[in-house]
Amino acid sequence: MKVSCIVGARPQFVKVAALARQMKTPPVIIHTGQHYQKNMSSVFFEEMQIPKPKYHLEIGGISQGAMTGRMIEQIEEVLVKEIPDCIIVFGDTNSTLAGAIAASKLHIPIA
């Protein structure tokens with residue numbers, strides 16, 4: 001089963017770290033860039049040994065509406081390319097909302 005995880009903020013990095021350790025096949029990680037500063041993003045991947053995101057969308061530092069809209073567009077492009085069996089989103093961030101909308105429109109199951 002091919003699983004994609006959409007993350008973008010610190011609490012999601014912690015959750016994907018725990019999940020990835022339990023999976024037989026590592027998930028395809030899509031990092032939206034919502035938290036983009038080193039001390040809020042890459043340091044978590046390094047210190048928690050989270051698999052490196054296959055995609056880093058680098059969407060951050062803009063208004064909430066613009067951020068969410070761009071995330072939906074770019075996540076959709078990745079999902080069309082990857083064709084996952086399901087996606088996993090965590091929490092209540094712009095990244096979660098955008099990932100859920102993109103997957104829903106493509107009829108990809110969401111967890």
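Two aromatic rings of Phe, Tyr or Trp count as a pair when their centres lie within 6.5 Å. Keep that in mind for the close-ups of this predicted model.

**View 1. Phe13, Phe44 and Phe45 make up one aromatic cluster.** Searching the whole structure turns up 2 aromatic pairs. One of them joins Phe13 and Phe44, with 5.8 Å from centre to centre and 55 degrees between the planes, a tilted arrangement. Phe13 sits in helix α1 (residues 10-22) and Phe44 in helix α2 (residues 42-47), so this pair ties together parts that are 31 residues apart in sequence.

**View 2. Phe13 also pairs with Phe45.** Here the ring centres are 5.0 Å apart and the planes meet at 55 degrees, so this pair is tilted. Once again distant parts of the chain get linked: Phe13 belongs to helix α1 and Phe45 to helix α2, 32 residues apart.

**View 3. Are Phe13 and Phe45 buried or exposed?** Phe13 is buried, because its relative accessible area is 0%, and buried means under 20%. Phe45 is buried as well, with a value of 9%. Across the protein chain, buried residues make up 47% of the 111 residues.

**View 4. Now for the fold around the cluster.** The protein chain has 4 helices and 4 strands, and along the sequence they follow the pattern β-α-β-α-β-α-β-α. Its radius of gyration is 13 Å, close to the 13 Å from the globule rule for 111 residues, so the chain is as compact as a globular protein of that length. Of the contacts with a separation of 6 or more, 67% are between residues 24 or more positions apart.

Methods. Residues are numbered from 1 along each chain as its sequence is written. This is a predicted model: local features need pLDDT of at least 70, side-chain atom pairs count only at pLDDT 80 or more; totals for chains, interfaces and linings use all residues. Side-chain values use heavy atoms; hydrogens and water are left out. Helices (H or I, at least four residues) and strands (E, at least two) are DSSP runs, numbered from the N terminus. The radius of gyration is taken over C-alpha atoms; the globule rule is 2.2 Å times the number of residues to the power 0.38. Buried means under 20% relative accessible area, exposed over 50%, partly exposed in between (1.4 Å probe, protein chains only). Contact means heavy atoms within 4.5 Å. Rings of Phe, Tyr and Trp (its six-membered ring) pair if their centres lie within 6.5 Å; planes under 30 degrees apart count as stacked, over 60 as edge-to-face and the rest as tilted.
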